[in-house]
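Visitor: Can you walk me through this one? I'm new to reading structures.
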Amino acid sequence: MYPCSDPTTWGPSLDAAVHAVQRNEVIVLPTDTVYGVGADAFSPNAVASLLAAKGRGRQMPPPVLIPDIRTVDGLAREVPEPARALMEHFWPGALTVIVFAQPSLAWDLGDTHGTVALRVPDHAAARALLARTGPLAVTSANKTGKPAATTAADAEAQLGTSVAVYLDAGTSPLGLSSTIVDATNPAGLRIVRDGGVTLADIVDVVGADALLDRSEHDADAGGEPSK
């Protein structure tokens, strides 16, 4: 367990997490929503260890956290303008956007069907870490079917020794998972999970006409409580 609440002293803690990621190990990190369990997005072995730690299979691939919006175009293609508007307005923040992944990327996040769920967390320690590691596959720090952890101690109680490094920044500020928006349908955006960004917030930015009917809603699209 490594403290990372204070930017003036968290250097050694981030060093430990970075080195663990470089060794293809699994870490737990704080975010603005809930704690996340993460690994190098470009290491299939590390992602497999992440999924094993959570007790879930390839059919529920993890989202990817990135340090800032400038990373999007290196990872995604054909990002529709309404989706980009949401990214620009709500990032960093509690919004995950599912987009088509660049086909040339050398990664294996699971059964993604050519998509990737991206988010920029609104947490200084998380972004400082991501600036050093690059994109991380990150999902909520809990065993599948259990409540998402809002403290590092809670995450450790659930995940134990399957995680190499725990970063402790106190209680998660929001304590609620991110909203997930699917931007892969050319007909419009679809909200597939409610979370830290409300429907009203989204409509204020892109308008109701940019959204599809939620009657065909799949609350898990991209996985159970993600980031």
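Visitor: How many aromatic pairs does a search of the whole structure find?
Guide: The search finds 1 aromatic pair. Rings of Phe, Tyr and Trp (its six-membered ring) pair if their centres lie within 6.5 Å.
Visitor: Which residues form the pair, and is it stacked or edge-to-face?
Guide: Phe42 and Trp107, and the pair is stacked. The centres are 5.2 Å apart, with 20 degrees between the planes. Planes under 30 degrees apart count as stacked, over 60 as edge-to-face and the rest as tilted.
Visitor: Where do the two residues lie?
Guide: Phe42 is in the loop between β3 (36-40) and α2 (44-54), and Trp107 is in the loop between β6 (95-101) and β7 (115-119), so the pair ties together parts 65 residues apart in sequence. Helices (H or I, at least four residues) and strands (E, at least two) are DSSP runs, numbered from the N terminus.
Visitor: Is Trp107 buried or exposed?
Guide: Trp107 is buried, at 17% relative accessible area. Phe42 is partly exposed, at 32%. Buried means under 20%, exposed over 50%, partly exposed in between (1.4 Å probe, protein chains only).
Visitor: New topic. What are these values based on?
Guide: This is a predicted model: local features need pLDDT of at least 70, side-chain atom pairs need 80 or more, and totals for chains, interfaces and linings use all residues. Residues are numbered from 1 along each chain as its sequence is written, and side-chain values use heavy atoms, without hydrogens and water.
Visitor: How many helices and strands are in the protein?
Guide: The protein has 7 helices and 11 strands.
Visitor: And what share of the residues is buried?
Guide: Of the 227 residues, 54% count as buried.
Visitor: What does the C-alpha trace span?
Guide: About 45 × 30 × 30 Å along the principal axes.
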